[in-house]
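Trainee: I would like to go through this structure term by term. Please set each value against its definition.

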Amino acid sequence: MPDSRGAEPPDTTDLDRLRSAASGCHGCPLYQDATQTVFGEGTPEAKILVVGEQPGDKEDLAGEPFVGPAGKLLDRAFEEAGFDRRSLYVTNAVKHFKFKRDERGKRRIHQKPGRTEVVACRPWLLAELRAVRPDLVLLLGATAAQSLLGPKFRITAHRGEPVDAPADVADLVPSAVATVHPSAVLRAPDRDEAYAAFVADLKAAGKTLR
């Protein structure tokens, strides 16, 4: 069962303080099996804040977001789309790795976080948004998009286009663009086609700032 320790962020816009506080979050049961909290990383002056789903196996071990295979693809796509990752702030909707063990108990297999876990972690995402105050929020995948735009949001209906955020987060999300998660590109039957569409979405997102 979740407990109250660290479930709510402190009242601060200092990212280092938020990161330190999040390391002790017990707001949902995921902390029990994950190696560590994986908080966001990047410049507090970022104009673009990028939100993914959750850390994967590599991220859980490293304590950094998007350092595994999906992260390497994302870095390549950012470069092709004209983004400098060093100028971004990158985080996840859920800060702990959710997984199940394979039959031999060795491999950790990713599991999609549930709505309860997304809601439990949402205060931390909102705290990051308050600290960074981006001009654009780029949402990667359905979990990330629905964490801010609501559970009824569908990427298939609004992929790559600017959308308005709900009233409760409109002051923190002045503009949002949703696209697929880079892991979906890695799983696509035609990876080249999926990658090209992904880069096109990133380019479209970048144009909203110009």
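Trainee: How much space lies in the largest pocket?

Mentor: About 740 Å³ of space lies in the largest pocket. Grid points are joined across faces, edges and corners, and a volume is the space filled by probe spheres set on the points. Before going on, note that this is a predicted model: local features need pLDDT of at least 70, side-chain atom pairs count only at pLDDT 80 or more, and totals for chains, interfaces and linings use all residues. Residues are numbered from 1 along each chain as its sequence is written, and side-chain values use heavy atoms, with hydrogens and water left out.

Trainee: What makes a set of points a pocket or a cavity?

Mentor: The grid has 1 Å spacing and covers the protein atoms alone; a cavity is a set of points where a 1.4 Å probe fits but cannot get out, while a pocket is an open set with protein on both sides within 12 Å along at least five of seven lines. Lining residues have an atom within 4 Å of a point.

Trainee: Which residues lie nearest the centre of the largest pocket?

Mentor: G56, H110, H181, S183 and R187 do, out of 30 lining residues. Helix α7 gives the largest share of that lining, four residues. Helices (H or I, at least four residues) and strands (E, at least two) are DSSP runs, numbered from the N terminus.

Trainee: How many cavities of 30 Å³ or more does the structure hold?

Mentor: Two. The largest cavity has about 60 Å³ of space, and its lining includes C25, K95, H96 and C121. The second largest cavity has about 30 Å³, and among its lining residues are C25, K95, H96, C121 and W124.

Trainee: Why is the pair of F39 and W124 called edge-to-face?

Mentor: Rings of Phe, Tyr and Trp (its six-membered ring) pair if their centres lie within 6.5 Å; planes under 30 degrees apart count as stacked, over 60 as edge-to-face and the rest as tilted. The centres of F39 and W124 are 6.5 Å apart and the planes are at 90°, so the pair is edge-to-face. The pair links distant parts of the chain, 85 residues apart: F39 is in the loop between α1 and β1, and W124 is in helix α4.

Trainee: What makes the pair of F78 and F83 tilted?

Mentor: The angle between the planes is 50°, with 5.6 Å centre to centre, and the pair is tilted.

Trainee: Why is F78 called buried?

Mentor: Buried means under 20% relative accessible area, exposed over 50%, partly exposed in between (1.4 Å probe, protein chains only). F78 has 1%, so F78 is buried. F83 has 13% and is therefore buried. V199, in helix α8, is at 5% and so counts as buried.

Trainee: How do you know that the charged end of K95 sits over the ring of F39?

Mentor: A charge sits over a ring if NZ of Lys or CZ of Arg is within 6 Å of the ring centre and within 35 degrees of the ring normal. The charged end of K95 is 5.6 Å from the centre of the F39 ring and sits over that ring. Likewise, the charged end of R76 sits over the ring of Y195, 4.1 Å from its centre.
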